[in-house]
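Please open the structure in a viewer and keep the selection panel at hand. The stops below are meant to be visited in order.

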Amino acid sequence: MNSFVIVQDIFRLTCYISCMGNQFDKPAHAADDWTIDQRWSDYTADEHKVWDTLYERLMQVLPGRAAPEFLNGLTALKLDRGGIPNFEEMSDELEALTGWRVVAVPGLVPDDVFFDHLANCRFPAGNFIRKPDQLDYIQEPDVFHDVFGHVPMLTDPVFANYMKAYGEGGLRSLRHASLKNLAALYWYTVEFGLIKTDQGLRIYGAGIVSSPAESVFSLEDESPNRIGFELERLMRTDYRIDDFQQTYFVIDSYDQLFRSTVDTDFAPLYADMHGKFDHKPEDILPSDTLLHRGTQAYADRGGRFAA
Ligand SMILES: [Fe+2]
C-alpha cells in the first residue's frame, strides 16, 4: 500500500513553502478570511460511505499505535459515530474542550490566512471528500485527512496551545525569508511526529495517522531513523514530500513541544538559517539523541517508486 495520503499534504505545505509572497485568487463564495459554508446537508450517502470506509481501515491499525490523546479525541468528538462530521456540531464539542473550532476552506489558502486561523484557534479544513476510486490518492487535503488526521489532537489542551503558538509564530515569520524552516517544524511534528509513552512510541502526526501503511512503517520498520526532538536541528532538516519519511523526530511530551516553541526566539534562527536546510532527510548527527539508527533500506531500494 502506498503512502498516498502523505501526498495530500504535500500540495498544501509545498505551496506554503513555494508560494510565499504570492497571492491566490479568493473564490467569490469565500468570506474575507477565506472560510466557506461546509454545506454538510449536501453530502451524499456515497460520500458519507467514503468517510466510513477510510475510518474503518485506519481503525484496524491505529489502536496500540496512535497516541492515547488522538484516540481519546476521536471518541470525545464522536468521530466514530459514522459519516462526515458536521463542522458546527463538532466545533461546539471541541470549543468546550480547548476553545478551538473547525472552519471550512476551499483547499489552498495563503500563508497569512492559514497562520491567522491557527493563531485564533480555528483549524481550516477542506470540505470536500475524495471519490470512492481515490481512497489512496488525492491531490489536495480533503475533509477526511484534515478532520480525522488533525482535529482529534486539538482536544488535547497542550497540543492545542502548540498549534496556536505555531500560528502566532507563523505570522511573525512572514517578515523573514524562512518559511521553509518553519514548514519543517510543522512537517516533522504536526504531520509526522512521534511521542514517547510508557507503552512505547506512539503516533500523533496527522500525516501518519491518515495512512495505514505509514502508521506501521513509522513505528515498526527498520528503515527510518527515530531521533529525539530538538527544535533547531529539526528546522534545519530537509524532508521527503513524496514518500515515507526517512527520519521521524520523537518528542518526550506535548509540553516539550509547546515550551520549546514559545521559549525560542526564532528571529536569530531565521537569520542564521536563511531559509535553507543544512541536513538531508536521512542524516544522523553526533549530537542527536538516537532512538533507532535506520537502515534506510526502504529509501535505498527506491521507496514507493521501486519496481
Ligand atoms: Fe495535514
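A residue counts as buried if 20 or more other C-beta atoms lie within 10 Å of its own, as exposed if 12 or fewer do, and as partly exposed in between, with C-beta atoms placed from the backbone. The model is a predicted one, in which local features need pLDDT of at least 70 and side-chain atom pairs count only at pLDDT 80 or more, while totals for chains, interfaces and linings use all residues. Numbering starts from 1 along each chain as its sequence is written.

Begin by colouring the chain by pLDDT, the predictor's confidence in each residue, from 0 to 100. The protein averages 90, and 91% of the residues score at least 70. Then select residues 1-21, where pLDDT stays under 50. Where pLDDT is low, the predicted coordinates should not be read in detail.

Next, select Arg-172, in helix α7 (residues 157-173). Helices (H or I, at least four residues) and strands (E, at least two) are DSSP runs, numbered from the N terminus. Is Arg-172 buried or partly exposed? Arg-172 is partly exposed because 14 other C-beta atoms lie within 10 Å.

Move to Phe-192, in the loop between α8 (179-191) and β3 (194-197). Phe-192 is buried, since 26 other C-beta atoms lie within 10 Å. Contacts here are residue pairs whose C-beta atoms, placed from the backbone, lie within 7 Å. Leaving aside residues up to four places away in sequence, Phe-192 touches Trp-187, Gly-205, Gly-207, Ile-208, Gln-245 and Tyr-248. Tyr-248 is 56 residues from Phe-192 along the chain, yet their C-alpha atoms are separated by 6.8 Å.

Beyond four places in sequence, the contacts of Ile-203 include Arg-65, Leu-194, Ile-208 and Leu-219.

Finally, select the open sheet of five strands, ordered β4-β3-β6-β5-β7 with mixed pairing; two strands pair if DSSP finds at least two bridges between them. Its edge strands, β4 (200-203) and β7 (290-292), each pair on one side only. Strand β5 (residues 225-228) runs antiparallel to β7, and two bridges join them. To end the tour, centre on Ile-227, which stands opposite Leu-290 in β7.

Definitions and conventions: Contact = placed C-beta atoms within 7 Å.
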